[in-house]
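Let's walk through this structure together, starting with a sheet and moving on to some backbone details. Please keep the model open as you read.

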Amino acid sequence: MAFSTSHGGGISNVRRASTTWTRSLLPFTTTKSTKHTRKSRKRSALIDFFFANFFLIALSASILFFLLVFYLYGIPKPVISPLRTGRTGRTSVRLRKPVYRKSTSVRVSNGSVNVGLESADVDITTKDLYERIEFKDEDGGPWKQGWRVSYKGDEWDEEKLKVFVVPHSHNDPGWKLTVEEYYDRQSKHILDTIVETLLKDERRKFIWEEMSYLERWWRDAPDAKKEALVRLLQNGQLEIVGGGWVMNDEANSHYFAIIEQMMEGNMWLNETIGVIPKNSWAIDPFGYSSTMAYLLKRMGFENMLIQRTHYELKKELALHQNLEYIWRQSWDTYETTDIFVHMMPFYSYDIPHTCGPEPAVCCQFDFARMYGFMYERCPWGQHPEETTQENVKERALKLLDQYKKKSTLYRTNTLLIPLGDDFRYISIDEAEAQFRNYQMLFDYINSSPELNTEAKFGTLEDYFRTVREEAEKINYTRPGEIGSGQVPGFPSLSGDFFTYADRQQDYWSGYYVSRPFFKSVDRVLEHTLRATEMTMAFLLGFCQRAQCEKLPTGFTHKLTAARRNLALFQHHDGVTGTAKDHVVQDYGMRMHTSLQDLQIFMSKAIEVLLGIHHDKNDQKPSLFEPAQVRSRFDAQPVNQLISANQGTVQSVVILNSLEQTRNEIVMFIVERPDVTILDSNWTCVKSQISPELQHNKMKMFTGRHRVFFKASVPAMGLQTYYIANGFVGCEKAKPAKLKITSIAKSLPCFAPYSCSQVEGDSIQIRNRHQALTFDSKFGLLQKVTETKTGSENVIDVELAMYTSPESGAYLFKPNGDAKTISETGSDIVVSEGSLVQEVFSIPQTGWAKSPVSHSTRVYICDGSVQELLIENEYHVELIGHEFNDKELVVRYKTDIDNKRIFYSDLNGFQMSRRETYDKIPLQGNYYPMPSLAFMQESKGSRFSIHTRQSLGVASPKNGWFEIMLDRRLSRDDGRGLGQGVMDNHPMNVMFHFMFESNISSVLDPVSHSGPISPSLYSHRVGAHLNHPLHAFIAKKPQEISVQPPPRSFSPLTAPLPCDLHVVSFKVPRPLKYTQQNLEEPRTVLILQRRHWDSSYCRKGRSDCSRIDDENLNLLNMFQGLDVLNAKATSLNLLHDDTEMLGYGERVPDVSQGRLVILPMELHAYKFDLRPVAS
């Protein structure tokens, strides 16, 4: 989105800053040595040989001994590189060959070996940058956030300046307009313009990013235009950068969805046009995640470009010529994740902020701001003018001065100048104005040898290729710099770039929470799509006949739409919640439609997998319906009511999309309480009945009932249960005992429940592991007591509200601290049952209707993941003008001495260390929390909170977690959206949290700044929360006298190890399934091996059958299915060269089925599935 600019080099009060990605990966074959070591493996081996045979060598003649020493330690022949002078930091250093260093952290504690994640060896960490920077926001003059840049003039005497001006147009797939509105009004015209104007002159270049628009244009374009576009791609005038369906957000998006959106765009591009992108361009996401760098590397990308990072970090990196660096994962001690990154140095990606450090000058070279065009004139008062023979010298030298100043911020003499903005190049006249004027300026510069400069239009590939060539020729490595064994001459960096600030104390932490309702829908669509892809893969795998392929192939178009609707919402104005109201509605309706389609398909697919029908097709109605449905795109899901009349039985089918068997308590809504639960073998199952509660003080009981029972569902499989009424021989569901307190009036107690009043100052619920104590005045949790040891963990829960008149969709700018909203006199219902115990509370607040109610539950389920966690669910209704400019938070105030240091996840993939700094305001100490945050103290106690939707988290005081639940804001925050956030919807926010005690020594979070992982148990809690069981209910009840045959589906030969996660199991192109050559693999499996902190392993392995101590054999993974033609591939499925992807020699040939996956790594495999011959 565009920026506007203010006079005097100031920064606009309009739209967002920009951010851009580009990654680099080069093939490598060796592995790395230990930390701080530069010796080659060969040399280390010779030294080992020398010492192992010391006495034998000592018997040899002394002359031979010294010759041998000379041979081993003599000075190697240097690689000559020319000396650089006149430019800071450029020295003559010997070029290194690629070297891979390996460090293994082994901690010994209590006689056991604990292998943990070792920190990568890098030159720069973002933590160190935060420690070093004072965040003073000093006025730098024309470059407000930098300094007065100058140069000597002789920097380019030996190596001339090579300038690549890269025309681009940033096309948001939804922001102020919907994606279709933007396409019709702007994007299709821009693509038409690009094709027509580039064809006029082969010197012209352009880059394009978003496949959502290109695919739409391709459908409409005549063949001649399509052919012209392909020619432009083939001759290098046009480059596709990134090539994802969208330019995704990097704070809120889950890594599953990022992979999906990249795969959708990249595969369409390759299949349709034959292009595979290698450079990433991310100029507009609001902060950057190292997870994205990792995913791009494993997709075969080579370079990245980013833009929107904290302005103080930009300045610090620019001061030391570190704006180009090698991004390495913090846990990567092998250097296999290294990717080359270019960070843009200035405030925005628009033309005034890209040619050099002085926007007042650069704006004069945005020729679309001349009279006659629709764009605003330059706010500094000096405007662009047509370039002529009379003024070309003066104009060219003025522009070149900016180029040279900008060049001093980087190490090489190759310079990138983006030339574009939001939805630019919309007309031929606009494009011609830019291309015509710049070509005249280039011609003058290039014809003047004394300027030592070559300027031309270029693509991102032109730039990165030239940078690498120069870096190979002239080594820019600084003395003592670690750098990378793959791309010489640049520093290595680890960490992420959150939280982003574009100016002053304007931190973009509000969008972590904006529109939380749709952030929640996004996750529901993710896990529903993943489960659907799984069922389709099994349907096609087990079915090799045209008859039974009708259902999956007939659903292909809706499946593609679901993938693309999920991908579209990952756009950096979608999942961020930063679009206009009607655009948010468009995203929501798309996701809602896809959710309905996916659920209908699964309802039919389970009939085939359970053997009820064998030839189901898309037209036949299903016997089942989903247990949870949504009536509208903006409505909460509603549980379907099971009537269970006397003498009938209702079938329910439960789908488990996880890779381990799940034993857990499930819940269904029934009309009558006198029900019995039966399993697939018609065996009695113990159950509990509790009243359904709602957010209504006048009527807290809905009159319906919740039946709970323990279900056991095979890994990636299905299990059938029956809810019966009148079944003889089984105990009916056991009613919970209720305790009630209500200030207004006593709530009625109805059959079959026994009720009593809450007595005393505290309330307690428990299972065999922990007891939870609540304040009976507020209904809020106070402490958790471990029943075996009696140890107590303080956890004072507080609900509070910020008043924030300056906050908006992007920014969080509170006016003072949050004030508690709970008052004495909450309405509370305590439910004590044999399987679930719960405290439900609607707090008394200063408003007529409380904006929040909450439930806290513990489960009684031996050997399950649920037994050790605490479930905390909030119902939020921040609706009505009385809540304008309010931001609702929940605080967990523990007694853990965390020193305000905590860890939050990046995209659900890895953890990042966070520290609260006094030199940064509260809003800058908020961080994204897509799925998990935890804190721990040096003694080892750890407190973890899992969420099933993206939110924002902070630790403002020692031992505190503060998590924002919702925000309602009446004003625009000056970043271009032009509105506040007032379209709040009732919604539920679910947390699972737990206290863990270490069983061995742990790393001190204060002294240790490296990566720390969740425990194995914590990983499993997160997986269960984010991949819930999918339940389906038979539309018609059966007579209880008719016992159906046992129905279940168990497709794996055994559950996978508990630290292996199936990220995706899918058939990418179902419609082509029968058309493809049998030798071409048609099924895809993406696995992640989680790293887990074994300091806490005892709880984690409570019901784990195994962990990945032994390698998995892919050929033996599925029951009844043969795996054929297996091979490793990239995460976007387009590269089969694993060395090129960075895996090196660590990935064996998978054709024999052996899978070796190191902790933290994601691996993708292609193969065919066929039924085992009978």
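Contact here means heavy atoms within 4.5 Å. The model is predicted, so local features need pLDDT of at least 70 and side-chain atom pairs count only at pLDDT 80 or more, whereas totals for chains, interfaces and linings use all residues. Residues are numbered from 1 along each chain as its sequence is written, and side-chain values use heavy atoms, with hydrogens and water left out.

With that in hand, look at helix 8 (residues 255-273), which lies across strand 51, strand 52 and strand 56 (1162-1171). Its direction makes an angle of about 30° with strand 51.

These strands belong to an open sheet of 4 strands, ordered 51-52-56-54 and paired in the antiparallel sense; two strands pair if DSSP finds at least two bridges between them. At the edges are strand 51 (1060-1066) and strand 54 (1121-1129), each pairing on one side only. On average, neighbouring strands of this sheet are turned by 30° against each other, direction ignored. Strand 51 pairs with strand 52 (residues 1083-1089) over 6 bridges, again antiparallel. To find your place in this pair, pick S1064, which stands opposite I1086 in strand 52.

Now for the backbone. Most residues other than glycine have a negative phi, and most peptide bonds are trans. Where does this chain depart from that pattern? One place is the cis peptide bond joining F498 and T499, with omega about 0°. T499 sits in the loop between strand 13 (492-494) and strand 14 (501-503). Another cis bond runs from A751 to P752, with omega near 5°, and P752 is in the loop between strand 28 (737-741) and strand 29 (754-757).

D885 is not a glycine, yet its phi is positive, about 60°. You will find D885 in the loop between strand 38 (870-876) and strand 39 (886-894), and this residue is buried, with a relative accessible area of 10%. (Buried means under 20% relative accessible area, exposed over 50%, partly exposed in between, using a 1.4 Å probe and protein chains only.)

L1133, also not a glycine, has a positive phi of about 70°. L1133 is buried, its relative accessible area being 5%.

Note on methods. Helix = DSSP H or I, 4+ residues; strand = E, 2+ residues; numbered from the N terminus. Axes fitted to C-alpha atoms, helices over the stretch in contact; angles between N-to-C directions.
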